[in-house]
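Hi,

Here is the structure I promised to pass on. Have a look at it first, and then read my notes below.

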Amino acid sequence: MFKDLNELCKHYYDNKTYAHACDVAARVIPEYRNVALCHDLLEDTEVTIAELKAFLRFDEIISLALLSRKDENTYFDYIRVIKEYNDKAAMAVNIADLEDHIAKTETLSDSLRRRYTKALKILKT
């Protein structure tokens with residue numbers, strides 16, 4: 001069993017992904033930091049809901065579920081679902097995630113920059 005949320009995240013994320021999750025968490029208000037720290041866990045790792053329930057509130061788990069893109073959704077369908085649900089934590093974390101990716105210009109292709117910029121526009125309007 002993990003002693004805290006950071007330990008759980010460090011177990012499932014590689015160092016680069018954990019650093020990104022921390023960068024995203026630093027971009028949101030304290031109330032949303034747990035969601036930000038975990039924003040890629042459900043989608044990209046083998047973490048279980050049971051493990052998350054030990055550290056997160058129900059509303060935080062719902063926000064994480066919204067942030068986890070389903071295989072059948074296109075990227076922009078996924079963005080629109082987040083916007084339509086108007087979950088404040090999911091919106092804030094997704095915006096912070098996109099802004100963090102855009103800020104990392106050394107690893108950002110032009111096509112991803114355009115995609116993320118378009119997604120930000122959808123979320124912010």
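Predicted model: local features only at pLDDT ≥ 70, side-chain atom pairs only at ≥ 80, totals over all residues.

You'll find Asn86 in the loop between helix 7 and helix 8. Its phi is positive, about 55 degrees, even though Asn86 is not a glycine. That's worth a second look: most residues other than glycine have a negative phi.

Now go back to helix 7, residues 75-85. Which of its residues are buried? They are Tyr75, Phe76, Tyr78, Ile79 and Ile82. These cover an arc of only 155 degrees around the axis, so they sit on the same side of helix 7. Glu84 and Tyr85, on the other side, are exposed. As for what the buried residues pack against, that's helix 6 (58-67), helix 8 (88-103) and helix 9 (110-124).

Helix 2 (residues 15-26) is my other stop. At 1.5 Å a residue, its 12 residues should span 16 Å, and the end C-alpha atoms are 17 Å apart, which agrees. Buried here are Tyr18, His20, Ala21, Val24 and Ala25. Their arc around the axis is only 160 degrees, so they too lie on the same side of helix 2. Asn15, Lys16 and Ala26 are exposed on the other side. The cover over the buried residues of helix 2 includes helix 1 (5-12), helix 3 (33-37) and helix 8.

Cheers

How values were computed: Residues numbered from 1 in each chain as written. Heavy atoms only, no water. Buried < 20%, exposed > 50% of the residue type's maximum accessible area, 1.4 Å probe, protein only. Helix = DSSP H or I, 4+ residues; strand = E, 2+ residues; numbered from the N terminus. Arc of directions from axis to C-beta. Contact = heavy atoms within 4.5 Å. Expected span 1.5 Å × (residues − 1).
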